[in-house]
Amino acid sequence: MEKRIFASVTNKKCPYGCIYCFVNSTQYKRGIDIKNKKKFSELIERCSIIQPACDSELLLEKKWFELLVELAQYGKSISFASKKCISNDEVKRLKIIDDILKEKEEILNVGVTICRYNGYQEIEPNAPHPDKRIEGLRRLYDSGIGCNVIIRPIFPDGNLDDFYQIIDKTNKYCYGYLLGPLYANENVKNYFKTHEIWDKDLVSEIKTPEWNQYSEMEVMYSFKIMKQLENYIINKSSRIFYSNDLCVEEIRRMRRIRK
């Protein structure tokens, strides 16, 4: 049984223009088209988590709420990532989805991506300021919706104090941190050349990620930075996740304990 189903909801280009976006890689394979209801219904029987808009910003879609209402009827946990400054109105609608899933003993989880605080525009040129994203994170957490902070991809030239600042600003408003590597594309490789990046601790491998339909992609790991981040997060008495499915499982467990 597959744990997750990866769906695509649009062909439109995301306006944030993040240089590390895997959609910009020629190696990227799209998830199932969510409009293909017959195939989607067949696949969903074999999974426990739906990741809608795995390759786009869901909350920028005009009918995102109607889509989530429809997906919630399948009785599976729903998890997606966002860089948006999630408004009070959006949180109210997300809470409706969360309540539907709660009745089915499932959860809604929203991962807020912040992988650089200072100088974020160099890698996320059109994305909202991290403080805006943290505002949305706080709204999610205060409303009781499952949420985590996604610190990925981790660039090898990342500044530890900068990462620590992200953790310090978000620790009270999330269930934990999802850490992960950097998927290489041409924009990333050009960034490496421009910044003359070479780190002996950087490990590059060819992987076949589940979300890429098991097609090959080059993955870069900054193990030294990741280890120091792990230690800092643990010292903050928070949790670390290395995949979205494990994140969802742990948040589901924590929320049951809190009942």
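Predicted model: local features only at pLDDT ≥ 70, side-chain atom pairs only at ≥ 80, totals over all residues.
How exposed are the two partners? Arginine 138 is partly exposed, because its relative accessibility of 32% falls between the 20% and 50% cut-offs. Aspartate 142 has a relative accessible area of 53%, so this residue counts as exposed, the limit being over 50%.

Side chains of opposite charge can pair when their charged atoms come close.

Now turn to another of these pairs. Lysine 207 and glutamate 205 meet through their side chains in a salt bridge, at 3.3 Å from N to O. Lysine 207 is partly exposed at 34% relative accessible area, and glutamate 205, at 31% relative accessibility, is partly exposed too.

Which salt bridge links distant parts of the chain? Look at arginine 4, which forms a salt bridge with glutamate 210, their closest N and O atoms lying 3.4 Å apart. Arginine 4 is in strand S1 (residues 4-8), while glutamate 210 lies in the loop between strand S9 (202-207) and strand S10 (217-222), so that 206 residues separate the two. Arginine 4 counts as buried because its relative accessibility, 13%, is under 20%.

Note on methods. Residues numbered from 1 in each chain as written. Heavy atoms only, no water. Salt bridge = Lys/Arg side-chain N within 4 Å of Asp/Glu carboxyl O. Helix = DSSP H or I, 4+ residues; strand = E, 2+ residues; numbered from the N terminus. Buried < 20%, exposed > 50% of the residue type's maximum accessible area, 1.4 Å probe, protein only.
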